[in-house]
Amino acid sequence: MGVRTVQYTIPRWLASLSRQDRRTLRDTADMHTATPAIVPPAPPVHADDLPPLRLLLTSTRNSLAIWPAYAFDVSFARNRVFGIETVLINDPEGVHHVMAARASNYVRPAMMARIMRPLTGRGLFLAEGEEWRRQRRRLATAFTPKSVSLLVPHFQAAANDLMCDLEGRATADLSEAFQDAALNAVLRALFSMPDAADRQAIASHVRRYVTGPGRPQIFDGFAKTETSFAFTLGARRNFWKRWSAAVDHVVRVRAWRAGSGDANHRDLLDLLIAARDKETGRPLTAREVRDECATMIFAGYETTARLMFW
């Protein structure tokens, strides 16, 4: 039985290292190999559906904690709570069926509109039926692969900010860090907003809503329509006035800079202003631009931050 000889070439960069550098590199590799992976603790998952009242109370604290174990494995599930029939869809074809092909057969829970309307206005997120299709047509031109590639430098800048912020820290709250990074990326990509003070002003609005009037209430669970229990909606209406004014101000400032010759902006706001309906050629109105911007700020920030953290 012969001995098999294996020949290999040492990479040039490794051969150029000193003996001390090679030893340091080996020790570092050994340290990472010996360090156990950090696995975040999984939250408890219910074995079965929660009783209706407990479901309602839990939803006001954590919208993810209401789901039983089977909800993460099945493609389709149907349930009835307080006389309202709901469906859970995890299958991509099923999602397309509900959200696009047969969207007119389904309605969103009133709770979602009550909570999200003060943040997103009449933007795409809450649009339904023909209004949803019309907005999709107008926004399609703003989200072609060529258009999206223009936003990459904004994402790179946000990632660099995150690395600089974490550098040198012994410990860090990654949940908070990723929330800041996601909001940074959204505001840079949307408004070319590199100034930290401007970003913080917008971020403070979002955080105050999420931790204040935007938290689900028991009345939201019982509401049949978006305007039911109107006496509970005052804080949300007041927030919408402040929030829409803040977004309007940012849009006006960007429009003024573009009109004054500052044409260095290539961002989502430029793409929204230039977007046209493929069928009618009609552009977005000022209100529609504002509502789509507000939608992208919250929807992009919240979902991206959660994804990066987990």
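First, the conventions. The model is predicted, so local features need pLDDT of at least 70 and side-chain atom pairs count only at pLDDT 80 or more, while totals for chains, interfaces and linings use all residues. Residues are numbered from 1 along each chain as its sequence is written, and side-chain values use heavy atoms, with hydrogens and water left out.

I start with the core. A nonpolar core here is a set of buried Ala, Val, Leu, Ile, Met, Phe, Trp, Tyr and Cys residues joined through side-chain atoms within 4.5 Å; buried means under 20% relative accessible area with a 1.4 Å probe, protein chains only. The largest such core has 38 residues, and Leu-190, Phe-191, Trp-243, Cys-293 and Ile-297 have the most contacts inside it. Helices that each give at least two residues to this core include H5 (110-120), H10 (196-211) and H12 (234-259). H14 has the largest share, eight residues. Helices and strands are DSSP runs numbered from the N terminus: H or I with at least four residues, E with at least two.

What does Ile-297 touch, leaving aside neighbours within four places in sequence? With contact meaning heavy atoms within 4.5 Å, the partners of Ile-297 include Leu-183, Leu-187, Leu-190, Phe-191 and Trp-243.

On a 1 Å grid over the protein atoms alone, a cavity is a set of points where a 1.4 Å probe fits but cannot get out, and a pocket is an open set with protein on both sides within 12 Å along at least five of seven lines; lining residues have an atom within 4 Å of a point. A volume is the space filled by probe spheres set on the points.

The second largest pocket holds about 550 Å³. Of its 25 lining residues, Val-186, Leu-268, Met-296, Ala-299 and Gly-300 are the closest to its centre. H14 (286-309) gives the largest share of that lining, seven residues. The lining divides into 20 nonpolar, three polar and two charged residues.

H6 supplies the largest share, four residues.

Last, the strands. S1 (residues 76-81) and S2 (residues 84-89) pair in the antiparallel sense over six bridges, where pairing takes at least two DSSP bridges. Ala-77 stands opposite Leu-88. The hairpin has two residues between its strands, and Phe-82 in the turn has a positive phi of about 50°.

Conventions: Nonpolar A, V, L, I, M, F, W, Y, C, P; charged D, E, K, R; others polar. Buried < 20%, exposed > 50% of the residue type's maximum accessible area, 1.4 Å probe, protein only.
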